[in-house]
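Please open the structure in your viewer and keep the selection tool at hand. The tour below goes from one selection to the next and says what is there.

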Number of protein chains: 2
Amino acid sequence: MFVIGSGALHLKGEISEKADVVEVEIKKFPDGEKYVRVLGEGEEAIVVQSMYHPQDEHLIEVLLLGDALREKGFRRLKLVVPYLAYSRQDRVTKEGEPVSIRAIMRMLGLYYDELYVFDIHNPKTLGFFPGKAYNISPARVIAEYFREKLGEGIVMAPDKGALERARSVAEILGLEYSHFEKKRISPTEVQMTPVDVDVKGKNVLIVDDIISTGGTMIKAANLLRELGAEKIFVVATHGVFAEGAIERVSKAVDELAVTNTIPTPVSKISIVPEILNV
Amino acid sequence: MFVIGSGALHLKGEISEKADVVEVEIKKFPDGEKYVRVLGEGEEAIVVQSMYHPQDEHLIEVLLLGDALREKGFRRLKLVVPYLAYSRQDRVTKEGEPVSIRAIMRMLGLYYDELYVFDIHNPKTLGFFPGKAYNISPARVIAEYFREKLGEGIVMAPDKGALERARSVAEILGLEYSHFEKKRISPTEVQMTPVDVDVKGKNVLIVDDIISTGGTMIKAANLLRELGAEKIFVVATHGVFAEGAIERVSKAVDELAVTNTIPTPVSKISIVPEILNV
């Protein structure tokens, strides 16, 4: 039985076509406090809540939903988080900083037994969650979306760190994959080189977890174009787009797509099939 | 050593006149995520954070500050909350609701050993906090602010539930106190009557915990005026004012004042002396 938070309303229609969705009342009091009410009974609930902006409101809402469900007698609570806020704040870079994602994980653990996060920035941070925690890969839905468009193309990661992500998509499609190597050539400039791969005359799909400014993607696309690539596609799991980024990336490539972990104008790939598997 | 959250910046100057305040860096990333950094060392920290709107951001910030302080090696963390959000959501009124303040208390307990809340709506809810939790009465600072203005006046609670609050203030000043009795005379109208007290020719101070619309306070003030009261003062701990409420209440009484648990144009009474006692 699914419970849909206000950060996942854009997924509600598709989920309810295939599964039971409990009605919830979610509103704000005039002073800004959230009010939630769950109109359903059961043993197990799967709460779906994506945590893009306003992320702090979405986080507190999930806490209140957890309390309401426990109060109602639900015994097993799973939490599915398409996009998890604070997941990039996963280490202390400067002394005095928190490991923000640790605090968030501990908070979610107050009410939820199991956590499912889509393409989490650093899978090791799942260890901060007190219960069982899983990373869900969007590789399958991304691969299917691009299967025909890409044809006998190549899947590329924008850097070595993202290689695993490119590999997953490439293996589903039976295609070649590689990554760019980044080299700092001046304090402000980074040179990118595709490693061990010939893109000439081939379609290329660049895969990343998050696009924000889109700067890296544009740079990679321009380079591929120079190297004679045919069509260039860019995909990411989470479209945390900065102002104007969608337009800038779209102009530089043949197609830009992200999944609907965050609702954006280019969220063309649905993760709902994976949510229904939880 | 004090750490001041962004909901308590209006108290920082006064606190730092009398006590050590650690520098903190608090900002937002472009996507809306909070970033905090604590620039200080020590064994014990007292975090001060008021949780008016945007209350959810203030809550998450306090969680991140707690993580940063633990990471820095602070062993004992106290949290002082001038205004605690969600404290009025203290029971299930309709089936399916959470006890929101319980969820909030549990969350604060993840990092803090002791909790100090100013004039909490329902003191019993302090029991949801896993560590030691205290209610701080603002009676002393309120009484001192009104001592001269009130003279040989009377302290009134707007209803029986607030009587204890009026009594505390009255006892400090050595004055008479009472309350109004509310009687529903139609589905939309409530009649108020002062109980066992003659206000004729006397100054009256009405004391409550929260003013939001101010409707009750205006009604009480008009009634006191009819009964021949001299000057009428209205005070509350927390000014959670609805749009236009400050103007409406101010027009109906001789003076409206609240404490600075929430910064408002009429937050004339400082709670900082009580914070310094924690």
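How many residue pairs are in polar contact between domain 1 of chain A and domain 2 of chain A? The count is 7 residue pairs, both residues being at pLDDT 80 or more, where a polar contact is a pair of N or O atoms within 3.5 Å; within protein, one must be able to donate a hydrogen and the other to accept it, and residues adjacent in sequence count only if both atoms are side-chain atoms.

Before going on, note that this is a predicted model, in which local features need pLDDT of at least 70 and side-chain atom pairs count only at pLDDT 80 or more, while totals for chains, interfaces and linings use all residues. Residues are numbered from 1 along each chain as its sequence is written, chains are lettered from A and ligands numbered from 1 in the order in which they are written, and side-chain values use heavy atoms, with hydrogens and water left out.

**Stop 1: the two domains of chain A**

Select residues 2–136 of chain A for domain 1 and residues 138–269 for domain 2; these bounds come from an automatic or database domain assignment. The centres of the two domains, taken over C-alpha atoms, are separated by 29 Å. Where they meet, the contact (heavy atoms within 4.5 Å) takes 13 residues from domain 1 of chain A and 12 residues from domain 2 of chain A. Together these domains bury about 1100 Å², 58% of it on carbon and sulfur atoms; buried area is the accessible area (1.4 Å probe) that two parts lose on being put together, summed over both.

Now select A:Arg165 and A:Asp119, which form a salt bridge whose closest N and O atoms are 3.0 Å apart. The term stands for a side-chain nitrogen of Lys or Arg within 4 Å of a carboxyl oxygen of Asp or Glu, and the count between the two domains is 1 salt bridge.

Stay on A:Asp119, which has a positive phi of about 40° although it is not a glycine. Most residues other than glycine have a negative phi, and most peptide bonds are trans. A:Asp119 lies in the loop between strand 6 (114–118) and strand 7 (132–136) of chain A; helices (H or I, at least four residues) and strands (E, at least two) are DSSP runs, numbered from the N terminus.

**Stop 2: a cis peptide bond**

Next, select A:His53 and A:Pro54, which are joined by a cis peptide bond with omega of about 0°. A:Pro54 lies in the loop between strand 4 (44–48) and helix 2 of chain A. In chain B, a cis peptide bond likewise joins B:His53 and B:Pro54.

**Stop 3: where chain A touches chain B**

Show both chains: 43 residues of chain A are in contact with 43 residues of chain B. The chains bury about 3900 Å² between them, 51% of it on carbon and sulfur atoms. Select A:Glu33, A:Ile60 and A:Leu110, which supply 14% of the area that chain A buries against chain B, more than any other three residues.

Then pick A:Arg102 and B:Glu71, which form a salt bridge with the closest N and O atoms 2.7 Å apart; the count between the chains is 8 salt bridges. Helix 2 of chain A gives the most to the side of chain A that touches chain B, with 10 residues.
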